[in-house]
Amino acid sequence: MAFDAKVLAAVRAAFPGAGSAAVLSLGAPVHDGQCHAEPLIGIPLAMMNRHGLVAGATGTGKTKTLQLMAEQLSAAGVPVFVADIKGDVAGLGAPGEAGPRVEARAKETGVAWRPAGFPIELLSLTGKLGAQLRSTVSAFGPLALGKVMGLNDTQASILSLVFKYCDDRRLPLLDFKDLRAVLTHLADAGDDLRRDYGGVSKASVGVLLREMVQLEQQGAGALFGEPELEVTDLLERAPDGRGRISVLELSDAQDRPALFSTFMMWMLAELYHQLPEVGDIDKPKLVFFFDEAHLLFKNASKAFLDQVEQVVRLVRSKGVGIFFVTQSPTDVPAAILGQLGNRVQHALRAFTPDDEKALRAASRTFPKTPYYDVQETLTTLGIGEALVTVLSETGVPSPPFVARVAPPASRMGPLTPAEIAPLLQSELVQRYATAVDRESAYEILGARLEPGEAPAAKKKTESSWTEALRSPVARTIANQVTRGLMGALLGPPPRRRRTRSAW
């Protein structure tokens, strides 16, 4: 059965430039069970900074799609950041291995598959699996830190007060030691604090300190301090001109989802604040794949979500593209979902009433098409197939078409310990290996308290001596000592004439 000529013409019209260096090729079109063996479906490279979504149920092929996109971006000279939740994305650094499944998929999609590895740099939240990521507490900010600590609105407002106090008093907040010192200081502060900032109760300080202890027990203390990550390190290229792929290894931090998701958001915010405006360019300066995106939005405050929305909306003009990777489009708030112009939707499952509701909501977010029943299609997609709609170079969303995704050229699996070892000796790893502890809030407050304690201690000592000297026993002893000293210095007193009888 031949592929429908009308559908094929519509595909070519929706995805012009297929096969050129200006388009990231995703795969071949599929319609009515037929696959046309030509990689016609792709995303214009110039539109990659208009953000996107890669979604689908577990096991439907999201990671391989992400891998394929990262490879082509790197080959085009675009640096990439990607999180490695399961430990297999680092396979980007090694050539793939031929096999029956890879060869069959290459034939189905019409690609000339050749194994290839790509330049990667490993990053780590713990420093054990790559370059140690760090941020100062001050740069991380109260909103992000409150999200990580799981604070409610009242507690988050107190944390914001702490940051404001430190800004006003020029107290650098670099690590957790500094934040703990400031919290303890504020709990004992007096009328000046209550007048200027409203005061901080000891109970509130206790809650914040307990949350800090829990984070430190999870290893978060190593994330805060100096040297802080230079986000420009994410924009490096390899000597051969390919974009470097920064892989954040999270296999040892999977039990801290709020921490790593919020830290990735901090990195995006830093990129927004530090990079210059570039407007519309031929290819992005960086593409950032935000895996497990639903973790970022779970239990987030409105203020935090507003900040995320602002970064997503404005970082495009800095030449940075963001692709959120999650299970369902409904995992992403509507205000942010509306900013994602490129969509690669793998299969969704509807096993429960909630799943069915999410499926209906997801199907309504796609442009209308005469070629597919979108809701039914989303439940019948095979592994490695996706419903794709992208922004054209004029900014108009294309009709959605099903693509059978081409196989990645790199390894679809983890690196071996022997392959990881040289990556852990890179210049970037060495640069961030040793923490630096310069003078900050902890030392400044300590220096202020030391001279301040002396007068209080002196006053207390003087008060104790005064009370002791007022006692009868002390006065008697003092008189005896005084007479003895005077006798030794002046000699015995002269005899008095007995003119009168004694009293």
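Q: Is Phe-324 buried or exposed?
A: Buried: Phe-324 has 0% relative accessibility. Keep in mind that this is a predicted model.

Q: And what about Phe-297, buried or exposed?
A: Phe-297 counts as buried too, because its relative accessible area is 9%, under the 20% cut-off.

Q: How do the rings of Phe-297 and Phe-324 pair up?
A: They're tilted, with 5.9 Å centre to centre and 50° between the planes. Phe-297 sits in helix α10 and Phe-324 in strand β10, 27 residues apart, so the pair links distant parts of the chain.

Q: Which residues are in the aromatic cluster?
A: Phe-81, Phe-288, Phe-290, Phe-297 and Phe-324 form one cluster.

Q: How many aromatic pairs does the structure hold?
A: Twelve. One of them is Phe-81 with Phe-288, which is stacked because the planes are at 20°, with ring centres 4.3 Å apart. Phe-81 is in strand β5 and Phe-288 in strand β9, so that pair ties together parts 207 residues apart in sequence.

Q: Switching to helices. How do α4 and α5 pack?
A: Their axes are 10 Å apart at an angle of about 170°, so α4 and α5 are roughly antiparallel. By class, that contact has six nonpolar, four polar and no charged residues.

Q: Which residues of α3 are buried?
A: Val-102, Arg-105, Ala-106 and Thr-109. They cover an arc of only 100° around the axis, so they're on the same side of α3.

Q: What do they pack against?
A: The buried residues of α3 pack against β1 and β13. Pro-100 and Lys-107 are exposed, on the face turned away from the buried side.

Conventions. Residues are numbered from 1 along each chain as its sequence is written. This is a predicted model: local features need pLDDT of at least 70, side-chain atom pairs count only at pLDDT 80 or more; totals for chains, interfaces and linings use all residues. Side-chain values use heavy atoms; hydrogens and water are left out. Buried means under 20% relative accessible area, exposed over 50%, partly exposed in between (1.4 Å probe, protein chains only). Helices (H or I, at least four residues) and strands (E, at least two) are DSSP runs, numbered from the N terminus. The arc is that of the directions from the helix axis to the C-beta atoms. Contact means heavy atoms within 4.5 Å. Axes are lines fitted to C-alpha atoms, for helices over the stretch in contact, and angles run from 0 to 180 degrees between N-to-C directions. Angles under 35 degrees count as roughly parallel, over 145 as roughly antiparallel, 65 to 115 as roughly perpendicular and the rest as oblique. Ala, Val, Leu, Ile, Met, Phe, Trp, Tyr, Cys and Pro count as nonpolar, Asp, Glu, Lys and Arg as charged, and the others, Gly among them, as polar. Rings of Phe, Tyr and Trp (its six-membered ring) pair if their centres lie within 6.5 Å; planes under 30 degrees apart count as stacked, over 60 as edge-to-face and the rest as tilted.
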